[in-house]
Amino acid sequence: MAGNQRVYKQRIRSTQTLQKVFRAMELIASSRIGQARRNAQEASPYDHALSQAVAALGTYSRFEHPITQERTDTNRVAILVVTSDRGMAGAYSATILRETGRLIEELTKDGKEPVIFTFGRRAQNYFSFRGTPIEFSWTGQSDRPSDQAIEEVATTLLDYFLQPAEAGGVAEVHIVFTRYVSMVSQVPEVRRMLPLKVVDVEGAGELDDAGNEALEKELAEKRGSSMPLYEFEPGPSEMLDALLTRYMGTRIRNALLQSAASELASRQQAMHTATDNAEDLIITYTRLANAARQGDITQEITEIVSGADALGAE
């Protein structure tokens, strides 16, 4: 019985150590989630304004731009997989990897060749372990992506889409990330980024001919008249070229910031649950240790009484 006490006490000490680690990680995630959430939310007004500018520009010019055109000269498709660099975030990375597996299976059935790009060490390790080639990988900034890393990701994917087929170009660019909804809700999402379809932030829809007509009607209702006339300097084509490229970058930025906020929220929830579970485990082991101690005391008393009775009988 004394051996059981030692075992339970050792388990209590080790669980208390883990509990401190879980609690520290929860506090770190809690301190970072506020800024990550603000970064994701504060990017929305800029995205909305940029999409409105592109929509207004598209009203006076056709979206005849390389990044809006479907490609048929190659079957290669780029997939950017956004996961965490570290574990202890619940099912955050596992959910993204599962969605990526489904996307790869669908693309393969359609006769397309997936080309993997990863953002986050968990995705890199996952595909490396399975022997899947990785075209590009970014690590170390999953919960706090820098502007430089975001620009590098967007530029790399855009370059691959614009490259000719013989140089390794791709026909489509997909991203698998986690959209932040709230502290208790993060939704995995698969989004086709290229060829680009300009979408209004508040859900006006794709800005093709019908989209332009809908936008014109919406603005006319707001102003009580027809669409205002704009003068562009330089011309609409030059501005469209600059705005569409920037619009592509903002969509990548938004996805990475959403993923960062989702990762921290998932880690905070997971570590809070782990801390509570460790406390429950400590209480359970303490009760078992007390029961074992009481058993040892009872056994010792029984042995002493039995010995005393044996001496008295003599």
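I started at Ala78, whose bridge partner in β4 is Val173. Strands here are DSSP runs of E, at least two residues, and helices are runs of H or I, at least four, numbered from the N terminus. The model is predicted, so I kept to its thresholds: local features need pLDDT of at least 70, side-chain atom pairs 80 or more, while totals for chains, interfaces and linings use all residues. Numbering runs from 1 along each chain as its sequence is written, and side-chain values use heavy atoms, without hydrogens and water.

I then followed the pairing (at least two DSSP bridges between two strands). Strand β1 (residues 76–82) runs parallel to β4, with 5 bridges. β4 and β5 are antiparallel over 9 bridges. I found Val173 opposite Leu194 in β5. A hairpin of 2 residues links β4 to β5.

Next I checked burial (buried is under 20% relative accessible area, exposed over 50%, partly exposed in between; 1.4 Å probe, protein chains only). In β4 (residues 172–182), 8 of the 11 residues are buried, so the strand is largely enclosed by the rest of the structure.

I moved on to Glu189, in strand β5 (residues 185–194). Glu189 is buried, at 18% relative accessible area. Its side chain makes a polar contact of 2.6 Å with that of Arg179. For such a contact I took N or O atoms within 3.5 Å, one able to donate a hydrogen and the other to accept it; residues adjacent in sequence count only if both atoms are side-chain atoms.

Last, I looked at Ile297 in helix α6 (residues 236–313). Ile297 counts as partly exposed because its relative accessibility is 35%.
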